[in-house]
Amino acid sequence: MEEAVERMRIVRNKGGRVSIALGSYDVGTDGQKMAISEFSWATHSEGELFILVGGDKEVAAERSIDRPYLPHGQRMEFVAQQPGVDWVAPISLPGFRNKDELIRNYGNFHHQLSGMAHCRLIGDKEDTYPIFLQQCNQAGILLIHSESPRKSRATDVGRELFKRI
């Protein structure tokens, strides 16, 4: 993550745009591939796309106890293999016990990115969208989500995949 932050500084200092997508990227659905493709297309002419992949503990707290379906390393590999991704970095937000505390930690994270990131990208609007929108607005970061119809849900794909194993 430190290397990614240093690269963000370099891109900003050269006048480029820094776009950050943060997520679990569990299972690697077609919808996630499409969102990454859209985000990289929108970013590349003016800057670089940084994708931060949530750790196993963060995904379990935000999604459910049986998540993630795949370990952190495999999820990072999936993201790194997508065309147009400039940087992939792990994200770990220590010191939380439940989803509410995790969401507050994201607020600190958004504040730390203030002055570095131009926009924070999410796949689509979920229940955390209003909170993240407020946090990003306070940090001076534009929060962007995909308007494309959701092709698949990681929960559905994961359940099907792990029923067969």
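The predicted model contains 5 salt bridges, a salt bridge being a side-chain nitrogen of Lys or Arg within 4 Å of a carboxyl oxygen of Asp or Glu. Because the model is predicted, local features need pLDDT of at least 70 and side-chain atom pairs count only at pLDDT 80 or more, while totals for chains, interfaces and linings use all residues. Residues are numbered from 1 along each chain as its sequence is written, and side-chain values use heavy atoms, with hydrogens and water left out.

One of these salt bridges joins Glu48 and Arg7, with 2.4 Å from N to O. Glu48 belongs to strand β2 (residues 47–54) and Arg7 to helix α1 (residues 2–13), so this contact ties together parts that are 41 residues apart in sequence. Helices (H or I, at least four residues) and strands (E, at least two) are DSSP runs, numbered from the N terminus. Glu48 is buried, at 15% relative accessibility, whereas Arg7, at 24%, is partly exposed. Here buried means under 20% relative accessible area, exposed means over 50%, and partly exposed lies in between (1.4 Å probe, protein chains only).

Another salt bridge brings together the side chains of Arg67 and Asp26, at 2.9 Å from N to O. Both partners sit in loops: Arg67 between α3 (56–62) and α4 (72–80), and Asp26 between β1 (17–23) and α2 (30–43), so the pair ties together parts that are 41 residues apart in sequence. Arg67 is buried, with a relative accessible area of 7%, and Asp26 is buried at 0%.

Helices take part as well. Asp56 and Arg75 form a salt bridge whose closest N and O atoms are 2.6 Å apart. This pair links distant parts of the chain, with Asp56 in helix α3 and Arg75 in helix α4, 19 residues apart. Asp56 is partly exposed at 34% relative accessibility, while Arg75 is buried at 0%.

Turning to the strands, β4 (residues 119–122) is covered on both faces. Cys119 and Leu121 are buried on one side, and Arg120 and Ile122 are buried on the other. Strand β4 runs parallel to β1, and 3 bridges join the two; strands pair if DSSP finds at least two bridges between them. Within this pairing, Ser19 has Cys119 of β4 as its bridge partner. Strand β4 also pairs with strand β5 (residues 142–145), again in the parallel sense, over 4 bridges. There, Arg120 has Leu143 of β5 as its bridge partner.
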